[in-house]
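User: I am new to reading protein models and would like to go through one slowly, with questions and answers. Could you show it to me?

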Amino acid sequence: MVEIAIVSDTHVPSRADRIPEWVADRIREADHTIHAGDFDSPEAYETVADLAGENFTAVAGNMDPRSLDLPAVATVEVSGTTFVVTHGTAATEEEYEETIAEAVSEELTGPGIAVAGHTHAVVDDDIEGIRFLNPGSATGADPANVATMLTVEILEGEVNVRAYVEDERVADPDEYPER
């Protein structure tokens, strides 16, 4: 089994002091880590990169300094599953989903999973036939009110997504916290 930690919107130091220890532990234990943008500072990026080690994929968010030199879209294959990662920015939910669908359609030639952040709300849904994941905010940064993240477990091609809210696993997507 391979486990991928998916985090986003850490916003350290503008909206949070640090990444919660339980999130750091899950990143350390994962086989690969994906961060969907808005680190907020080079120090936050370095913290996550150090926790993740070599198996780390990250994209730029709208609050990231340009000095991080991160791509707007990144594609990574982990254990036979392709992930297309972008931050996703837009004024409306419809525009947000359109920007994600556009990024995915340009990068994905077969089945895969889209990962985005920006809204600080946990999502495990379908956008135009592609599974879409948003881990929320790993620090509970405003407008979120709790820290959240996702893990993806891949075993023999089977993909299982788990949501965590303040270190507690949430099995039912209807229980995911609202912004």
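Analyst: What follows is a set of questions and answers on a sheet and on salt bridges.
This is a predicted model, in which local features need pLDDT of at least 70 and side-chain atom pairs count only at pLDDT 80 or more, while totals for chains, interfaces and linings use all residues. Residues are numbered from 1 along each chain as its sequence is written, and side-chain values use heavy atoms, with hydrogens and water left out.

User: Which residue is the bridge partner of Tyr164 in S11?
Analyst: Strand S10 covers residues 158-165 and pairs with S11 in the antiparallel sense over three bridges. In S11, the partner of Tyr164 is Arg169.

User: Is Glu153, which forms a salt bridge with Arg162, buried or exposed?
Analyst: A salt bridge is a side-chain nitrogen of Lys or Arg within 4 Å of a carboxyl oxygen of Asp or Glu, and the side chains of Glu153 and Arg162 meet at 3.2 Å, N to O. Buried means under 20% relative accessible area, exposed over 50%, and partly exposed in between, with a 1.4 Å probe and protein chains only. Arg162 is partly exposed at 24%, whereas Glu153, at 11%, is buried.

Technical notes: Pairing = 2+ DSSP bridges. Helix = DSSP H or I, 4+ residues; strand = E, 2+ residues; numbered from the N terminus.
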